[in-house]
Amino acid sequence: MKAFADDIDLIKRIEDGSRPAFEELVRKYQDKIYNLCCYMLHDPDTARDAAQETFLKAYSRLKDFRGECAFYSWLYRIAVNTCLDEKRKSHEVTDSMETTPAVEDIPSSGPSAERLYQSKETGRAIQAALQKLPDGLRAAIVLKEMEGLSYEEIGDTLAISVGTVKSRISRAREELRRLLGGRI
Amino acid sequence: MKCSQIRKMISPYVDNELAPDELKLFTSHIQGCPACKEELEKIRSIHQLFACAERFEAPLGFATRVMAHVEETEEAGLFSRIRRLFAIRPLFLRTLEVAFALVIMLIGVVSGNLLVGDRTSGNMTSGTQTVVRETFSLDLFQATPPDSIGGVYMRLAGD
């Protein structure tokens, strides 16, 4: 609740023309938005551009935010849509199949379950697998697993019902289980 | 409850999103169903993988770059607004310039007429009239004005 009130206060100051207030907002959410973009897009440079674009869009559209949901839900919505637009523009699915290691190429020898859990390759494996999911499933599972949003918050962010959120997350996990296969 | 219904509840259970009555049904089923329990463990493993995955932090200077873009965008917006204003204005300005020139010319003509009219009217003394006539006379532009050396010579030559 306090975080929500803090955001409202910052937004009021930004609307009054305070750039330091907007910078404070950027610093508050930059890691969350960048992390979300990395898992939505995989490529760090594209993710950085998408994250920057998210904040620029938020700045120009702040007057459209009416407080119907939490500010971070509104910001995540912009981020998800920006990432989906970026993906469509760059046809990243085709590129990622050529340049990123295929899920099958990730080594699974040795104590694979423990190794995956302990190493950074877990993130890379998940990123690669996420790129193979349909956009809607990927957005829902990233918001749940990486950002820890509730089903209701995910529904607000993606403008879908809680029932649809449940369904997408279940299907995403089933698909990831199939893609990550013997590594689980 | 059927296993097919329970399996739909596995993800919400892992995410603590089950309503209390659903939770009761789910846990009692899971306790007695190895197949559903195995499904639950597989979904939990996916959930745990994400928990161990790297959390990316924004690159150094990210906020500074965003603010720089904000400033650039605002300046560009202001510049384009000014440019649009100047793009429209030359036509308007040209019209204004022509109108202004015409007005100045008109003022010049009217004031000149008034000045000449005033000076050559009956209000002036004859001496003043003579001066005005001579001032506005084109005799000044003659090759040999009467009171010039040439003019004197021409008179003498004519005599």
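Which residues of H10(A) are buried? They are Val165(A), Lys166(A), Arg168(A), Ile169(A), Ser170(A), Ala172(A), Arg173(A), Leu176(A) and Leu180(A); a buried residue has 20 or more other C-beta atoms, placed from the backbone, within 10 Å of its own. This is a predicted model, in which local features need pLDDT of at least 70, side-chain atom pairs count only at pLDDT 80 or more, and totals for chains, interfaces and linings use all residues. Residues are numbered from 1 along each chain as its sequence is written, and chains are lettered from A and ligands numbered from 1 in the order in which they are written.

Helices are DSSP runs (H or I, at least four residues), numbered from the N terminus. The end C-alpha atoms of helix H10 (residues 162-180) of chain A are 26 Å apart, which agrees with the 27 Å that its 19 residues should span at 1.5 Å a residue; the expected span is 1.5 Å times one less than the number of residues. Gly181(A), with a positive phi near 40°, follows H10(A).

| Chain | Helices packed against |
|---|---|
| A | H7, H8 (135-145), H9 (151-158) |
| B | H1 (3-8), H2, H4 |

Helix H7 (residues 121-130) of chain A is itself mostly covered, with seven of its ten residues buried.

The contact between the chains takes 33 residues from chain A and 28 residues from chain B. Helices H2 (10-14), H4 (34-52) and H5 (62-120) of chain B each supply at least two residues of the side that touches chain A.

Notes
A residue is buried if 20 or more other C-beta atoms lie within 10 Å of its own, exposed if 12 or fewer, and partly exposed in between; C-beta atoms are placed from the backbone. Two residues are in contact if their C-beta atoms, placed from the backbone, lie within 7 Å.
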